[in-house]
Amino acid sequence: LPSDPTPPNLSFLVAGYPKAGTTSLLYAFKRHNQTIIPSHEVCAVSSKRGFSKVQRELEEAFAASTIVTDVVKVGVKCPQTISSPLGLQHLQDHAPELKLIIGLRHPVKLFASYFN
C-alpha cells in the first residue's frame, strides 16, 4: 500500500445511462494497477448525508487494495448521479477536481437493446 494510510480524494465518477458501458468501465478500473474503485455502485452521494458514506466506502476499498504504487486514482460508479442535482452539488462541494466519466448511448439503440 502507499505509505500514506489516508485514502486519496475522490478522483473520478463513472456515471451514465442504462446499457452505456458503465459496468464494463467499473470492471476495467478494478483490473487497472493504479485505480481503486469499490466493486459495487456507490450512490449515496445523491442523498442528503451521502458524501460521508461515500468517503467510508472509499476508505474500505483503499484499505482492501493491494496496489503498491503512490500514483493512485480513486473512483466510484453511480450511473444515476448525473440526473441528481443534489448529487452533483455534493461532488462540486467535496471533490471539485473530480473527473466525470459519462456513458452515453443513442436512444434508439438503447431502446432496441432491451429487446435483443
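Analyst: First, a word on names: helices (H or I, at least four residues) and strands (E, at least two) are DSSP runs, numbered from the N terminus. The model is predicted, so local features need pLDDT of at least 70, side-chain atom pairs count only at pLDDT 80 or more, and totals for chains, interfaces and linings use all residues. Residues are numbered from 1 along each chain as its sequence is written, and side-chain values use heavy atoms, with hydrogens and water left out.

The part to look at is strand 1. Ser 11 is placed in this strand. Strand 1 covers residues 10–16.

Begin with the setting. The chain has four helices and four strands. Read from the N terminus, its elements run β-α-β-α-β-α-β-α. The four strands make an open sheet with parallel pairing, in the order 2-3-1-4.

Now the partners of strand 1. Strands count as paired if DSSP finds at least two bridges between them. Strand 1 pairs with strand 3 in the parallel sense, over four bridges. It also pairs with strand 4, again in the parallel sense, over five bridges.

Phe 12 shows both links. Its bridge partner in strand 3 is Gly 75. In strand 4, its bridge partner is Lys 99. In a regular strand, side chains alternate between the two faces of the sheet.

How covered are these residues? Buried means under 20% relative accessible area, exposed means over 50%, and partly exposed lies in between (1.4 Å probe, protein chains only). Phe 12 has a relative accessibility of 6%, so it counts as buried. Ser 11 has 17%, so it is buried too.

Contact means heavy atoms within 4.5 Å. Leaving out residues up to four places away in sequence, Ser 11 touches Lys 73, Val 74, Glu 97, Leu 98 and Lys 99.

A pair of aromatic rings is described by the distance of the centres and the angle of the planes. Rings of Phe, Tyr and Trp (its six-membered ring) pair if their centres lie within 6.5 Å; planes under 30 degrees apart count as stacked, over 60 as edge-to-face, and the rest as tilted. A search of the whole structure finds one aromatic pair. Phe 12 and Phe 29 form it: the centres are 4.4 Å apart, the planes make 35°, and the pair is tilted. Phe 29 counts as buried, because its relative accessibility is 18%.

Thr 22 lies in helix 1. Its relative accessible area is 6%, so Thr 22 is buried. Neighbours within four places in sequence aside, Thr 22 is in contact with Val 14, Ala 15, Gly 16, Lys 77 and Pro 79.

Ile 37 sits in the loop between strand 2 (35–36) and helix 2 (50–64). With a relative accessible area of 2%, Ile 37 is buried. Lys 77 is 40 residues away from Ile 37 along the chain, yet their C-alpha atoms are separated by 7.8 Å.

Move on to strand 3 (residues 73–77). Four of its five residues are buried, so strand 3 is largely enclosed by the rest of the structure. On its other pairing, two bridges join strand 3 to strand 2, and these run parallel. In that pairing, Thr 35 stands opposite Lys 73.

Finally, step back to the whole chain. Of its 116 residues, 40% count as buried. Among contacts between residues at least 6 apart in sequence, 78% join residues at least 24 apart.
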